[in-house]
Structure formats: structure tokens, C-alpha cells
Amino acid sequence: MKISTKGRYGLTIMMELANRNGEGPTSLRSIAQRHDLSEHYLEQLIAPLRNAGLVKSIRGAYGGYVLAKQPEEISAGDVIRVLEGPISPVEFAEEEDPAKRYLWLRIRDSISSVLDSTSLQDLISFEDDGRSDNYMFYI
């Protein structure tokens with residue numbers, strides 16, 4: 001499973017809103033400029049996040065978006081599922097071999113566990129200790 005730009009940029013939006021939680025609405029334009037992203041693309045991503053109840057829109061000259069919940073109450077899994085759909089490395093129903101089906105289920109559950117146990121608060125308060133691996137894993 002590879003997370004697309006929808007999931008990655010969606011997390012960027014949500015982390016920006018979490019960083020500014022309690023400071024009032026944040027415009028997508030400011031997020032797009034800060035991260036050198038397309039404002040139009042971010043507008044497409046914010047709609048499903050709003051429909052899922054993760055963000056609220058504030059209208060007006062000083063409008064923008066705010067989190068609908070506290071940063072510690074929104075998980076990375078919440079965001080990824082809204083933008084990417086169900087977390088699944090393969091279609092389990094198509095797998096006839098029980099051993100492989102069990103493997104795929106374990107992979108899915110492991111990915112879900114990591115995403116669901118990582119809140120926006122965890123992401124915005126992350127401090128790099130320099131021990132991160134420079135490996136790239138594709139699932």
C-alpha cells in the first residue's frame with residue numbers, strides 16, 4: 001500500500017490546522033504557500049475532511065478552516081481513511097490461500113494500528129532524535 005498525495009497533503013492540512021488550533025481559522029491559501037502546494041488541490045481535499053466531520057469551515061473575510069476536534073482526538077488513520085479509502089494491501093476476498101490471506105490481514109491490522117495510535121498531536125509535537133532510518137519501504 002502506498003499513500004498517495006491525497007493522504008500526504010491531507011495530513012499536511014490537518015497538521016497545519018492542529019498547529020494553529022485555538023488561534024482562529026487558517027486559510028488554504030496560507031497552507032498552500034507555506035508548503036508550496038496547489039491551493040486548488042487542497043480545496044479538493046478539504047471537502048471530504050469537512051464532510052467527515054474532521055474540520056469546520058468559517059466563512060467571511062477572515063475565514064478558513066479549523067479542526068472540528070482537538071488534535072489528540074484525530075488520528076492519522078481518520079485522515080488517511082477519509083482521503084484514501086479502506087486500508088488494505090490486497091483484496092482479501094480474491095485470495096484463496098488461507099496462509100496468504102492471514103498474512104494480508106496481519107499487514108492491514110499492523111498498518112491500521114500504527115495509523116490509529118498516532119494522533120495529530122503526536123505528529124505536530126514529534127521531535128526527531130536522529131535515529132530515523134533512511135530506508136524506503138513499499139507495501
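At what angle do the axes of H3 and helix H4 (residues 76-84) cross? They cross at roughly 115° and come within 9 Å. Axes here are lines fitted to C-alpha atoms, for helices over the stretch in contact, and angles run from 0 to 180 degrees between N-to-C directions. Helices (H or I, at least four residues) and strands (E, at least two) are DSSP runs, numbered from the N terminus.

The model is predicted: local features need pLDDT of at least 70, side-chain atom pairs count only at pLDDT 80 or more, and totals for chains, interfaces and linings use all residues. Residues are numbered from 1 along each chain as its sequence is written, and side-chain values use heavy atoms, with hydrogens and water left out.

On the H3 side, Leu 45, Pro 48 and Leu 49 make the contact, and on the H4 side Val 79, Val 82 and Leu 83; contact means heavy atoms within 4.5 Å. By class this contact has six nonpolar, no polar and no charged residues. Ala, Val, Leu, Ile, Met, Phe, Trp, Tyr, Cys and Pro count as nonpolar, Asp, Glu, Lys and Arg as charged, and the others, Gly among them, as polar.

H3 (residues 39-51) also meets helix H2 (residues 28-35), with axes that come within 9 Å and cross at roughly 125°. That angle makes H2 oblique to H3 (under 35 degrees is roughly parallel, over 145 roughly antiparallel, 65 to 115 roughly perpendicular, and the rest oblique). This crossing is right-handed. Leu 28, Arg 29, Ile 31 and Ala 32 of H2 touch Glu 39, Leu 42, Glu 43 and Ile 46 of H3. The contact of H2 with H3 holds five nonpolar, no polar and three charged residues.

The whole structure has one aromatic pair. Tyr 9 and Tyr 41 pair edge-to-face, 5.7 Å centre to centre and with 80° between the planes. Rings of Phe, Tyr and Trp (its six-membered ring) pair if their centres lie within 6.5 Å; planes under 30 degrees apart count as stacked, over 60 as edge-to-face and the rest as tilted. Tyr 9 lies in helix H1 (residues 5-19) and Tyr 41 in helix H3, so the pair ties together parts 32 residues apart in sequence.

Strands E1 (residues 55-58) and E2 (residues 64-67) pair in the antiparallel sense over four bridges; pairing requires that DSSP finds at least two bridges. Lys 56 stands opposite Val 66, and Ile 58 opposite Gly 64. The two strands form a hairpin with five residues between them, and Gly 60 in the turn has a positive phi of about 115°.

Methods: Left-handed = near helix turned anticlockwise from the far one by under 90°.
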